[in-house]
Amino acid sequence: MTTNQGLKISEDEFSLKAGERGPTLLEDFHFREKMTHFDHERIPERIVHARGFAAHGEFQPYESMKEYTKAGFLQSPSKKTPVFVRFSTVAGSRGSGDLARDARGFSTKFYTDEGNYDLVGNNIPVFFIQDAIKFPDVIHAVKPEPHNEIPQAASAHDTFWDFVANNQESAHMVMWTMSDRAIPRSYRMMEGFGVHTFRFVNEKGEAHFVKFHWKPVLGTHSVVWDEAQKVNGKDPDFHRGDLWEAIENGNYPEYELGVQLVKEEDEHSFDFDILDPTKLWPEEDVPVKIVGKMTLNKNTDNYFAETEQVAFHPGHVVPGIDFTNDPLLQGRLFSYTDTQLIRLGGPNFHELPINRPVCPFFNNQRDGYGRQTINKGPVAYHKNSMADNTPEPATKEEGGFEHYQERVEGHKIRARSDSFKDHFSQATLFWNSMSAAEKEHIINAFSFELGKVESKDIRQQVVDMFANVSLDLAKGFAKAIGVKLPEGPGSSVTKSSPALSQENTKKKPDTRKAAVLIGDGFNGKEINAVLKELKKLGVQTEIVSDSQGTIKGSDDTELEVDHTFLTADSVLFDAVYAVGGSRAEKTFYRQAAQFVHEAFFHYKPIGASHEGEALLQLDNMKESPGVVIGGTPREFSKNFADAIASHRFWEREVI
Ligand code: HDD
């Protein structure tokens, strides 16, 4: 151990004092250095997306995208590009829970040979506002209220809903944040979207409008709201831990990159403006072309150095990827550098290891806080003769970035195009696309959020606003929050987009976690066979009992307990396998019954065998969908794994 100057330290437990019981001396440079560094350990948290978690990985295209873009990392299926991905919530501070009802950030930094390309997206394809100048407003409204800093990481309060009702362009995004999308099961089971319309430009200079998608290979899945709130208490790091553990276990999260492409000449052939960030392109109208896969395969070594210091920016592009005039994107192009300057303490954050491009970079920028490069020689200007005019801009052929030469003309004006004024049609499209269970969850979410709003007037305004989206929806929650039922107008939109419903997502048992509730005297032979079969089918099992250590089966086989009823909880698992044991105590059965019933009320798959069947105590529980009992170990495991793949059984009747 040394000081930061390299001096070897002989003692790190005691400060330097005048006598064993005397005062500490100012001369103690080791104490002062250690303490000063500690006092300065924190940096400002991000104003939004403060709570995040990240991992390293790689991206590989399935095919060349040459026809559409000259971006080097998309030219060949043999090209692998390293990436760093940071997931986040938006509203909460750094220490908030992972399961807040919120949009999730999904930021990817591609370390390409042509410089860093950042795709700074969310898990929701649209946004609350249409113009970046309103970003401070929407964030002020959703953040804790300024007079008392309550509530943390929640949109369920007056200022947020006052904003919504008085800024009706938010309608579509609010439908998404009130849906199951806002409470994902895992970062591994979440879609990502670039949101804005960008441009792909090919070698010939031809452009296409493009929207970016990430599609999780495990499908898109969510938890239920009651569960989300409990997870935040039982394990606030639920999403962090899930991602970390999956990568440590070699279950590398995978996402396919998809693009929707629209020809330049088709810019005006939609019934919405493609520059409007509150609109999506229905996948049934503009198919998503799957072009490659990203695999996250390495956890960070140091949270602060990597996850906290990483600096994303939608303006970090490479040749072949360009912007459009989406007024939200245009504003973002300013905000991200500006925020990094304060957060990372100066203009040299690109030199931090996590932000450094993997290709060489040089220019005439110099000095500033935290400068690490030691530039040599006297020349720091262009043009020059003293250094042979280096560094020199590159030609197009050498890979120099050329902005797409879009023709623009107009009056200087603070206004919004009329083509941005339909705020409700796609909100209705989203509503129409939901399954019955998803619709019920949305009504419940509005009922919860507005139930927390103190102002009856705001509650009424929101009901009246969402009557424009769907009368069923608005009536559904108007009753719960004690305001007048809306009378009209309802919506005439009948279109739906099945791709928006999570019911139509991929369903697999892989990496899902089942709690095995088991006590002394369990049927050793059979249970061991089931555990083995489930593992083969991709299901992860963890043993939960009433104390730690080992438990003994009827045939004296032993199993190591992973958690007790105190350290685990049903909300932390995807499924429950109730086994019990002939010698298990009464208290085991009391705790196990509570565990099973909570999972049942959260519509989760439940398996039971032997004494475990006694835990299915409610009426009709044994006959309910998603409750698996009986069969040989192989049959039982197959049925249970199928049930786990189904995720939840919404058709189950719960009282
Ligand atoms: Fe933003 C961070 C995503 C609109 C200003 N934003 C940030 C992050 C994500 C997004 C994922 C976290 C990056 C990280 O992991 O470090 N933001 C979006 C999306 C938007 C969006 C998908 C709409 C389509 N953002 C938006 C607007 C503005 C900002 C309109 C301002 C005009 N966003 C910021 C920021 C942040 C940020 C203040 C805070 C921390 C940071 O940039 O690095 O600049």
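Arg-343 counts as partly exposed, with 16 C-beta neighbours inside 10 Å. "Partly exposed" sits between buried (20 or more other C-beta atoms within 10 Å of the residue's own) and exposed (12 or fewer), with C-beta atoms placed from the backbone. This is a predicted model, where local features need pLDDT of at least 70 and side-chain atom pairs count only at pLDDT 80 or more, while totals for chains, interfaces and linings use all residues. Residues are numbered from 1 along each chain as its sequence is written.

You'll find Arg-343 in helix H8 (residues 327-343). Leaving aside neighbours within four places in sequence, Arg-343 is in contact with Ile-43, Pro-44 and Arg-46; contact means that C-beta atoms, placed from the backbone, lie within 7 Å. Arg-46 itself is in the loop between helix H1 (29-39) and strand E1 (52-61), and Arg-46 is partly exposed because 19 other C-beta atoms lie within 10 Å. An unreviewed UniProt entry lists both Arg-46 and Arg-343 under "binding site", though such annotations may be inferred rather than shown by experiment.

Now for some strands. Helices (H or I, at least four residues) and strands (E, at least two) are DSSP runs, numbered from the N terminus. Two strands pair if DSSP finds at least two bridges between them.

| Parallel pair | Bridges | Opposite residues |
|---|---|---|
| E11 (residues 513-518) and E12 (residues 540-545) | five | Ala-514 and Thr-541 |
| E12 and E15 (residues 563-564) | two | Val-544 and His-563 |

E11, helix H13 (residues 524-536) and E12 also make a right-handed β-α-β unit: with the strands pointing away from you, the path from the first strand over the helix to the second runs clockwise.

Technical notes:
Two residues are in contact if their C-beta atoms, placed from the backbone, lie within 7 Å.
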